Amino acid sequence: MATQSIAGEIAATKESSDSAAYPSSGTAWYSVAVLMLMYVFSFIDRTTISLLVGPMKRDMGLTDTQVGLMTGTAFALLYTFLGLPIARLSDRHSRRGIIAIGVFIWSLMATACGLARTATQLFFARMGVGVGEAALSPAAYSMITDSFPRSKLGKAFGVYNVGITVGAGIALLVGGIVVGAVSHAGASFTLPVLGQVRAWQMVFIVTGLPGVLLPLLLLTFREPKRMGMLRTSEPAAPAAEPERPSLGDVLRYVAANKKFYALHFVGIALLAMAGYCVAAWLPTALVRVYPVTAGQVGKVLGTSTIIMNSLGMILAGVLCDRLTRRGKQDAPIIVALISAFGIAIFACFPPFMPTVPLIWVSFFVSGLTFNAYNTVGTLAINQVTPNQLRAQVSAVYLFVVNAFGLGLGPPLVGWITDHVFHDPAKLRYALVSVVFSSALISIILLFAVRPIYRQKQLEAAQWR
């Protein structure tokens, strides 16, 4: 308790002295709104595919395992491996410029998903979406951390990360509305120059193409001053830390703090695994067992995601800020644990509810804590990572999160269904087994990282 109090006093003094360096409140929140809008579009392009599983399997002859690879691994492959080199550019050059290029690329590749004629072409187009989206979050996390004092970061990260739930919700809602048009064989559109595309492919085009205009919004605000630079010299001496650390510097820093980064990265990655598995497979699991259509599931799940999951993420940020003001140096970890318990308990209910109306109710109940970890997972990292390393360490974090969550999770559910249960109707058992197990292990890891994180906060309070 004494160390928490000392760290809180140091951080409060530092925050007060640095407050003049932050952008104005209006500018800071406007930049968060723009970045959040881009995050919305990224999750629309990332999530739309989950409601198109039926038409894709029918027209391309895919198995559940192959669908899992298409929805998860294809996207995660380059998203994870290119995240670090792209983040290095963000730590060394204009973060706005890196984001602008990434948004343009992923929007074009999302549109290309709608032009794919074979499963191989669709796989590579999904890889391209991952390349573009790898540019957004590491740079955005760094910019947001430089725009707000520590006591307001929880709410700022909460608002930015609402892009996840709003984007995924819109994808499900819009997909639910149009899925009826793509559910029967032979439905197609004829486009100028491009020729005939299947109706389900048109969904990719309509959701992906508008994003090419989003980079223009980045011209409407300035990039914030970089703050929280790691000091390697004595306070009275000139700063000696290079502004452009090498990759070796980044890896040495992560290795020197491996206990925190390993436990936190894997703990949050396992919650992401639960989230991506639900997003990829829950609509299909319900359609196979209950008298509902993918369109119906999409409408209700999309509505609950936009309302309850978004509310949960904002409340997570508010709760984190409140706990921080009360001297809880491990506030982000506490909130992540609340989210993990909620996932372990409530996220397993929907596929096993006795009636369809109770399924809809369970969507809204489970949604409140389902995405809360997204708000605080990256917040925790950026609070205890030096500015000149933030984007790159965030990229390592996203590598782990998406390698586990997106690259492994959805294919694992499909594989268990195909090779363990040998019954498509047992998809819900495969889904819940992965969701519950990943949440339970995450709880163990997050409890272990709490004291380590408190010590990291003490160290971070000494930086300039």
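Which residues does alanine 272 touch, not counting residues up to four places away in sequence? Alanine 272 touches Tyr373, Val401 and Gly405, where contact means heavy atoms within 4.5 Å. The structure is a predicted model, in which local features need pLDDT of at least 70, side-chain atom pairs count only at pLDDT 80 or more, and totals for chains, interfaces and linings use all residues. Residues are numbered from 1 along each chain as its sequence is written, and side-chain values use heavy atoms, with hydrogens and water left out.

**Overall architecture**

- The chain has 18 helices and two strands; these are DSSP runs, numbered from the N terminus, with helices being H or I of at least four residues and strands being E of at least two.
- Of the 464 residues in the chain, 59% are buried; buried means under 20% relative accessible area, exposed over 50%, and partly exposed in between, with a 1.4 Å probe and protein chains only.
- Among contacts in the chain with a separation of 6 or more, 84% are between residues 24 or more positions apart.
- Carbon and sulfur atoms hold 69% of the accessible surface of the chain, which comes to about 17600 Å²; accessible areas come from the Shrake-Rupley method with a 1.4 Å probe, and for residues only the protein chains shown count as cover.

**Helix packing: conventions**

- Two packed helices are described by the angle between their axes and the distance between the axes.
- Axes are lines fitted to C-alpha atoms, for helices over the stretch in contact, and angles run from 0 to 180 degrees between N-to-C directions.
- Angles under 35 degrees count as roughly parallel, over 145 as roughly antiparallel, 65 to 115 as roughly perpendicular, and the rest as oblique.
- A crossing is left-handed if the near helix is turned anticlockwise from the far one by less than a right angle, and right-handed if clockwise.
- For residue classes, Ala, Val, Leu, Ile, Met, Phe, Trp, Tyr, Cys and Pro count as nonpolar, Asp, Glu, Lys and Arg as charged, and the others, Gly among them, as polar.

**Helices H14 and H15**

- The axes of helix H14 (residues 331-346) and helix H15 (residues 356-370) cross at roughly 155° and come within 8 Å, which means that H14 is roughly antiparallel to H15.
- The crossing of H14 past H15 is left-handed.
- On the H14 side the contact involves Ile338, Ser339, Gly342, Ile343 and Phe346, which meet Val365, Ser366, Thr369 and Phe370 of H15.
- The residues of this contact comprise five nonpolar, four polar and no charged.
- Phenylalanine 364 also lies in helix H15 and is partly exposed, at 28% relative accessible area.
- Phenylalanine 364 touches Val300, Thr303, Ser304 and Met308, not counting residues up to four places away in sequence.
- The C-alpha atoms of phenylalanine 364 and serine 304 are 5.3 Å apart, although 60 residues separate the two in sequence.

**Helices H4 and H12**

- Helix H4 (residues 64-81) packs against H12 at an angle of about 150°, with the axes 11 Å apart, so H4 is roughly antiparallel to H12.
- Asp64, Val67, Gly68 and Thr71 of H4 make the contact with Ala280, Trp281 and Arg288 of H12.
- By class, the contact of H4 with H12 has three nonpolar, two polar and two charged residues.
- Helix H12 (residues 258-289) also contains alanine 272, which is buried at 3% relative accessible area.
- Alanine 272 and phenylalanine 404 are 132 residues apart along the chain, and their C-alpha atoms are separated by 7.7 Å.

**Helices H17 and H18**

- Helix H17 (residues 387-421) and helix H18 (residues 427-460) have axes 9 Å apart and pack at about 130°, so H17 is oblique to H18.
- The crossing of H17 and H18 is right-handed.
- Leu412, Val413, Ile416, Thr417 and Phe421 of H17 meet Leu427, Tyr429, Ala430, Leu431, Ser433 and Val434 of H18.
- The contact of H17 with H18 has nine nonpolar, two polar and no charged residues.
- Histidine 422 is in the loop between H17 and H18 and counts as exposed at 58% relative accessibility.
- Most residues other than glycine have a negative phi.
- Histidine 422, which is not a glycine, has a positive phi of about 55°.

**Further residues**

- Glutamine 201, in helix H10 (residues 199-208), is buried at 0% relative accessibility.
- Glutamine 201 touches Gly114, Leu115, Ala116 and Arg117, not counting residues up to four places away in sequence.
- Leucine 251, in helix H11 (residues 247-256), is partly exposed at 45% relative accessible area.
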